[in-house]
Amino acid sequence: MTENTALYVYALLPDRQGAADGVTGLDGRPLRLAEVPGTGVAALVHDATPAPYQGGDAEVRRWVAEQNEAVTTVWERVGTLLPMTFNVLVAEDTDAGRSAQQRLGEWVAEQHADITGQLRALAGRCELRVEVTLDRAAAATADGASSAPERTEPGDRSPGMRRLLAKQREQREKNTAGRLADTLHAGLRRRLLAVAEDLRDRGPAHRVPGETDVLSAALLVRNQDVDAVGAVLSEAQAGEPALRIRFLGPWPPYSFAETRPQRPTEPTLG
């Protein structure tokens, strides 16, 4: 396989001299800016072979972490960028005599208005990830639903009866938490949207036994409003002690960057 006839693309960003200086990516590869003349846009890239990165789960997680760290470093320097997903490659077109950089430049030029519009819209903004759940046992205790009849009945019980009673208690707790989660969801979503510019529902990254999902979302927030999101979550926690809140970020706006080159297997950029 021909070496380094492709570009691995990390992000699109304003063409700022020095933005990638000293930054490394996957496996410590040095990154550079591939500028697109006449657009004011550059791509954060490293030279690569025209084959996607493949490996075991641990290796892929390491690569993804390295990519995120590189993108975050450049984002903090520049203030806005469009991050790409893992394994976005642009290969040369030998039949047409077009290098990888030419092909990437052509695509950026075609999408120039959309790319620059998004870069402006995302400037000074970050992504926060919020996951809110209810501890079922705590919610049921506060509601009184955990007052199980078996606690007042005298005598020892067989293992089978204890298992049955435990399952009944678990189901009561689950039902109680489900009703409360439905009640809390709309209000929490509304309060978050009062301080965030956008909210996109996402599946929870963590599933904890004994917890019921209330809300899992990515928020697009102005940098100066990060503390306001924290205040909303703190207020929600104070109002409902059974809530369990995971608040992550700030990160580059992965969930809100719409522009994506096609995948390596597709003919336009593959």
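Mentor: We will go through confidence, then some strands, a loop residue, a helix and a sheet.

Trainee: What is the average pLDDT of the protein?

Mentor: This is a predicted model, and its pLDDT averages 86. A score of at least 70 is reached by 83% of the residues.

Trainee: Which residues have a pLDDT below 50?

Mentor: Residues 261-270 do. In the model that stretch still has 23 contacts beyond near neighbours in sequence.

Trainee: OK, on to strand 1. How many of its residues are buried?

Mentor: Nine of the nine, covering residues 6-14, so strand 1 is largely enclosed by the rest of the structure.

Trainee: Which strand pairs with strand 1 over eight bridges?

Mentor: Strand 3, residues 41-48, in the antiparallel sense. Along that pairing, Val9 stands opposite Val45, and Leu13 stands opposite Ala42.

Trainee: And what joins strand 1 to strand 5?

Mentor: Three bridges, with the two strands running antiparallel. Strand 5 is residues 89-91, and its Leu89 is the bridge partner of Tyr8. Strand 1 also pairs with strand 4, residues 82-83, over two antiparallel bridges. There, Ala11 has Pro83 as its bridge partner.

Trainee: What holds paired strands together in general?

Mentor: Strands of a sheet pair through backbone hydrogen bonds, and the pairing is either parallel or antiparallel.

Trainee: Back to strand 3. Is it mostly covered or mostly uncovered?

Mentor: Mostly covered, since seven of its eight residues count as buried, and buried here means under 20% relative accessible area. Strand 3 is also joined to strand 2, residues 32-36, by five bridges, and those two run antiparallel. Val36 of that pairing has Val41 in strand 3 as its bridge partner.

Trainee: How many residues lie between strand 2 and strand 3 in the hairpin?

Mentor: Four. Gly38 is in the turn and has a positive phi of about 85°.

Trainee: Now helix 2. Which of its residues are buried?

Mentor: Helix 2 spans residues 100-110, and its buried residues are Ala100, Arg103, Leu104, Gly105, Trp107 and Val108.

Trainee: What do those buried residues pack against?

Mentor: Strand 1, strand 2, strand 3, strand 5 and helix 3, which is residues 112-122.

Trainee: Why do residues three or four places apart in an α-helix point the same way?

Mentor: An α-helix has 3.6 residues a turn, so residues at that spacing point the same way.

Trainee: How many bridges join strand 6 to strand 8?

Mentor: There are 11, and the strands run antiparallel; strand 6 is residues 125-135. Glu131, for one, has Ser216 in strand 8 as its bridge partner.

Trainee: Last one: where is Asn223?

Mentor: Asn223 is in the loop between strand 8 (211-222) and helix 6 (226-239). Its relative accessible area is 43%, so Asn223 is partly exposed.

Trainee: What does Asn223 touch?

Mentor: Leaving out residues up to four places away in sequence, Asn223 touches Gly124, Arg125 and Cys126. Asn223 and Arg125 are 98 residues apart in sequence, but C-alpha to C-alpha they are 5.2 Å apart in space.

Technical notes. Residues are numbered from 1 along each chain as its sequence is written. This is a predicted model: local features need pLDDT of at least 70, side-chain atom pairs count only at pLDDT 80 or more; totals for chains, interfaces and linings use all residues. Side-chain values use heavy atoms; hydrogens and water are left out. pLDDT is the predictor's confidence in each residue, from 0 to 100. Contact means heavy atoms within 4.5 Å. Buried means under 20% relative accessible area, exposed over 50%, partly exposed in between (1.4 Å probe, protein chains only). Two strands pair if DSSP finds at least two bridges between them.
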